[in-house]
Amino acid sequence: MSAASATVTLAVLLAALAGAPLFAVIGASALAGFWLAGIDGQAAIIEIYRLADTPVLVAIPLFTLAGYVLGESRAPQRLVRLTDALLGWLSGGLAIVALAACALFTAFTGASGITIVALGALLYPALKTAGYGDRFSLGLVTSSGSLGILFAPSVPLILYGVVAQQLDLPVRVGIDELFLAGLLPGLLMLVILSAYSMWQGRSLARARTAFDRREALAALRDAAWELPLPALVLGGIYGGVIALSEAAALAAVYVLVVEVAIRREIALTDLPRVLVQAMQLVGAILIILGVSLASTNILIDARVPSRLFEAIQGIIDNRWTFLIALNVFLLVLGMMLDIFSALVIMVPILLPIAIGYGIDPLHLGIIFLANMQIGYFTPPVGMNLFIASFRFDKPVMTLYRATLPFFALLLFAVLIITYVPALSLWLPR
Amino acid sequence: MNTGSSMAAEEGDGRALRLLHGVEDGLLVAAVAAMVGLAGLQIVLRNGFGTGIFWIEPLLRALVLWIGMLGAVSASRGGQHITIDVLTRALPPRWRLPLRAAACAFTAVVCAALAWQGARYVMLEYGFSGTAFASVPTWAVVTIIPLAFSLIGLRYALFAAIFLRGREPFRGPGE
């Protein structure tokens, strides 16, 4: 590394640590990189302009909009009522309700913390009333806030596909294949946490209510407008009937018509506020994606991934050791970076290295996202810890302790996902 | 990231600022409405009538860029951009405020550089007079890049000044 690029790297790292937004940090490295390579700085703008040249990206604002509108309506209440009516009779039923509802909701809203705000506020008091301990209930709603990002149509999964497709890989990484790859690993996490909840709820008489057919029917009728949505979107995507961007458009139009025009739970005058809020998240993600398209270009031109691969190969000679190192690295990464920035910054570097070790890009994507999912509530900076702390008015320290058993269980799930590639690859490949 | 309402404590009487916010939000809402409407129309045309309008697809892609950049402008208002922010959170205000001021100044400078390069690229495309879709020229689509970076940069320059005066211009998540 030359003295000039070392200086730039140091300055940029300092800016990041001082709290400069990541888009500025990455943008600065891209501009400096082009400058050091003697390339006109307009190249950075040409790369950012590629945001307008990637058809799948249309899905991101549309799904996020659908998610925010759902979160603002009373759809979360109806979802909880319905899952409660259908699953509430099981031992540990309410906890499983919470997990299932959160996973479904997060898949649609992309784990932006909205699950904790919209669903956690309903589920936390309900869990406590049913007799679950305060710590268990808090831990459950906080860690469920990121459960479900492995299921279609979650935005992190789409983003991984977009980033991977920019890399010119020898293997195809279809977003439809990613959706299939995430299915079993996501279910594994759901099953493990459900088993833990059943065990926690084994002695709670009040957590068990008999199955009530009339309530189940009433809850079904209550949610009748929302019920076709997952079927439409998931059926369309998994069935290969419609393209992803069409599914996203369908979801956005459908949700707007149902919640604003038919149910009128969001006033037309209030819609712009919801819309702007949703697009602030989209903007924060896309601007980072834009500038990192530019910086990735420099990394690849400088052969950074292949050089790193050669260097790592000197230390780690087999795939399994690499996977252990990868898990440790991603866990630490997840503590510091949120999922979106981690994706756009690290995937272009990690993916070529992982392919060098014979890891399928689909499997890497699932490993990556599963690790990041835990990162959402890993101290000290897991975003969902702060959102839950704010929402439930509890000190962050309490949440650290409350989420610990969930952290251990999901870590166990991540290890299985990492070392059993078939779990991710059986369906798509 | 803070998904809640913008918690920026705007400086000054801010009538001009409110007007600017109104224009930004208006553009953003219009862009999103156009995207939802056109994407919906495309589905109806394709599946209901077996046709389509050829310029909808490239227009939707251009709208992704516009919505992304306008959303980023809107997010910068309350300092809601994604940061690492592990170091400054723990520091006492005496250290934190100047550090954050420096970080905001850094951001403003980077935005200015990107806006400058963006403006040069717009001029270049203007010279090429290429079309993005239908009869919309490419330079018009690209214009949002320097425009957005200018607006974001101005915000962060303002934040830097407020931090330097020993005040917090916005609250981060969980603070």
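**A helix pair and its chain**

Modeller: The crossing of α7(A) and α8(A) is right-handed, meaning that the near helix is turned clockwise from the far one by less than a right angle. This is a predicted model, in which local features need pLDDT of at least 70 and side-chain atom pairs pLDDT 80 or more, while totals for chains, interfaces and linings use all residues. Residues are numbered from 1 along each chain, chains are lettered from A, and side-chain values use heavy atoms, without hydrogens and water.

Biologist: At what angle do α7(A) and α8(A) pack?
Modeller: Helix α7 (residues 114–129) and helix α8 (residues 134–143) of chain A pack at about 160 degrees, with axes 9 Å apart. Therefore α7(A) is roughly antiparallel to α8(A) (an angle over 145 degrees).

Biologist: Which residues of α7(A) and α8(A) meet?
Modeller: Among them are Leu123(A) and Tyr124(A) from α7(A), and Leu138(A) and Val141(A) from α8(A); contact means heavy atoms within 4.5 Å. By class, the contact has 7 nonpolar, 3 polar and 2 charged residues, with Asp, Glu, Lys and Arg counted as charged, Ala, Val, Leu, Ile, Met, Phe, Trp, Tyr, Cys and Pro as nonpolar, and the others as polar.

Biologist: Changing topic, how many helices and strands has chain A?
Modeller: Chain A has 21 helices and 0 strands, as DSSP runs of at least four residues for helices (H or I) and at least two for strands (E).

Biologist: And what share of chain A is buried?
Modeller: Buried residues, those under 20% relative accessible area (1.4 Å probe, protein chains only), make up 60% of the 429 residues in chain A.

Technical notes: Axes fitted to C-alpha atoms, helices over the stretch in contact; angles between N-to-C directions. Parallel < 35°, antiparallel > 145°, perpendicular 65-115°, else oblique. Buried < 20%, exposed > 50% of the residue type's maximum accessible area, 1.4 Å probe, protein only.
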